[in-house]
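Work through the exercises below with the sequence and the model open. Each task is followed by a solution in steps.

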Amino acid sequence: GAKKKAVCPGLGLFYTILSAFLFSLASLFLKKIEDVHSVEVSAFRCVFQMAFVLPGLIYYKTGFLGPKGKRIFLFLRGFLGSTAMVLLYYAYQVMPLADATVITFTSPVFTSLLAWIFLKEKYSLWDLLFTLFAITGVVLIARPPFLFGSRVTGIEGSYSNHLKGTIAAIASTLSAASTIVILRKVGKSVHYFLSIWYYAVIGLIGCVIALFVMNEWRLPHCGRDRVFLILIGLLGLGGQIFLTKALQIEKAGPVSIMRTMDVVFAFILQALFLNHLPTWWTVGGALCVVASSCGTAIRKWRHSVKKAKEREI
């Protein structure tokens, strides 16, 4: 028979790093936009997602609604996923880029917790320890006055906006973790493109309604902001594609660990282009969150390898 073409060693990890870089660049351009609401940015991102997914739906003949028994899960996936995107974009706009990025990396820890609650997956003392590490990291970034005093340094603007951004980032992380739990529940019975389609359509509808209610819908006045909007859509789409390709040719554990490069890129881009050096509190919070995220990924990776060996036996 024909020999299977060998995959270049480390290609999946390279795709992961490239994906992290593209996502970080999109976040940087979001920070550079001056006159566009985060909900409007999310609406533009949804339009790009729909334009990418529509040909795939037609090619694979998946339909636009999905199996009857799975539609409620697809709706929840779309609603929670788009909510996570809007909240994350808001957090990027009102707080330091590195702080918001670090908080999003608590997602694997909260995913394990929600999977234990709703899917009855195993939750060990190690998982509890990683959860506590993640919460400690978020506290170091938020720096509530009742713990750190009234003089909080190293934030953008007022502490009120910093706190709002922190709450939005945490809510975004919880929504993203809930989305992953729903996708696990659905399993492989629904095509990947259909899942993204629901995410984009429901997100676009929700964003348009919210923009009209808030009276925030308007094209940016500056031509530079329009270019940034297009770049955010393209970079976000490119990051998603490379992350998907990485997961197709590499195990989920190494990919999850390598995704922490998002944090590294966020620190570098923030220092180079936003002239905002992270505080030691942020660095300490980042170490706690990255440690908990990597620990969770390594445990799940080892568990999956163990189960694969047991099936072979």
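The model is predicted. Trp 197 is buried, with a relative accessible area of 12%.

**Exercise 1. Aromatic pairs**

Task: State how many aromatic pairs a search of the whole structure finds, and describe two of them.

Solution. 

Step 1. The search gives 8 aromatic pairs.

Step 2. One of them joins Tyr 15 and Phe 242; the ring centres are 5.5 Å apart and the planes stand at 40°, so this pair is tilted. Tyr 15 belongs to helix H1 (residues 11–32) and Phe 242 to helix H10 (residues 223–249), so the contact ties together parts that are 227 residues apart in sequence.

Step 3. Check the cover of each ring. Tyr 15 has 16% relative accessibility and counts as buried, while Phe 242, at 25%, is partly exposed.

Step 4. Phe 64 and Trp 197 also form a tilted pair, with 5.5 Å from centre to centre and 55° between the planes. Here too distant parts of the chain are linked: Phe 64 sits in the loop between H2 and helix H3 (71–94), Trp 197 in helix H9 (residues 192–214), and 133 residues separate them. Phe 64 is partly exposed at 42% relative accessible area, whereas Trp 197 is buried at 12%.

Step 5. Look for a cluster. Phe 14, Tyr 15 and Phe 242 are linked into one by ring pairs.

**Exercise 2. A nonpolar surface patch**

Task: Which residues make the nonpolar surface patch of about 370 Å²?

Solution. 

Step 1. The patch is made by Leu 54, Ile 58, Phe 64 and Leu 65.

Step 2. Ile 58 lies in helix H2, which covers residues 38–60. Its relative accessibility is 55%, so Ile 58 counts as exposed.

Step 3. Compare with Exercise 1. Phe 64, a member of this patch, also takes part in the aromatic pair with Trp 197.

**Exercise 3. Salt bridges**

Solution. 

Step 1. Side chains of opposite charge can pair when their charged atoms come close.

Step 2. Asp 99 pairs with Arg 143, with 3.9 Å between the closest N and O atoms. The cut-off is 4 Å, so this distance falls within it. Asp 99 is in helix H4 and Arg 143 in the loop between helix H6 (125–142) and helix H7 (145–148); the two are 44 residues apart, and the pair links distant parts of the chain.

Step 3. Both partners are covered: Asp 99 is buried with a relative accessible area of 1%, and Arg 143 is buried with 2%.

Step 4. The side chains of Arg 259 and Asp 262 meet at 3.3 Å, N to O. Arg 259 counts as partly exposed at 26% relative accessibility, and Asp 262 as buried at 7%.

**Exercise 4. The cover of helix H4**

Task: How many of the residues of helix H4 (residues 97–104) are buried?

Solution. 

Step 1. The helix is mostly covered, with 8 of its 8 residues buried.

Step 2. Name them: Leu 97, Ala 98, Asp 99, Ala 100, Thr 101, Val 102, Ile 103 and Thr 104. Asp 99 is the residue that forms a salt bridge with Arg 143.

**Exercise 5. Cysteines**

Solution. 

Step 1. The sulfur of Cys 288 has its closest cysteine sulfur in Cys 294, 13 Å away, which is too far for a bond. A disulfide needs sulfur atoms within 2.5 Å.

Step 2. The count is accordingly 0 disulfides.

Step 3. Check the surroundings. Cys 288 is buried, with a relative accessible area of 14%; Cys 294, at 15% relative accessibility, counts as buried.

**Exercise 6. A positive phi**

Task: Where is Asn 275 found, and is this residue buried or exposed?

Solution. 

Step 1. Asn 275 is in the loop between helix H12 (261–273) and helix H13 (280–312).

Step 2. Its phi is near 50°, a positive value in a residue other than glycine.

Step 3. The relative accessibility is 68%, so Asn 275 counts as exposed.

**Exercise 7. An annotated range**

Task: What is the helix content of residues 11–142?

Solution. 

Step 1. The UniProt record, an unreviewed entry, places the feature "domain: EamA" at residues 11–142 and 164–294.

Step 2. Over residues 11–142 the chain is 81% helix and 0% strand, with 36 Å between the end C-alpha atoms.

How values were computed
Residues are numbered from 1 along each chain as its sequence is written. This is a predicted model: local features need pLDDT of at least 70, side-chain atom pairs count only at pLDDT 80 or more; totals for chains, interfaces and linings use all residues. Side-chain values use heavy atoms; hydrogens and water are left out. Helices (H or I, at least four residues) and strands (E, at least two) are DSSP runs, numbered from the N terminus. Buried means under 20% relative accessible area, exposed over 50%, partly exposed in between (1.4 Å probe, protein chains only). Patches are made of residues with over 30% relative accessible area and no salt bridge: like charges are joined within 9 Å, nonpolar side chains (Val, Leu, Ile, Met, Phe, Trp, Tyr) within 5 Å. Accessible areas come from the Shrake-Rupley method with a 1.4 Å probe; for residues, only the protein chains shown count as cover. UniProt positions are given in the numbering used here, feature names are shortened, and annotations may be inferred rather than shown by experiment. Rings of Phe, Tyr and Trp (its six-membered ring) pair if their centres lie within 6.5 Å; planes under 30 degrees apart count as stacked, over 60 as edge-to-face and the rest as tilted.
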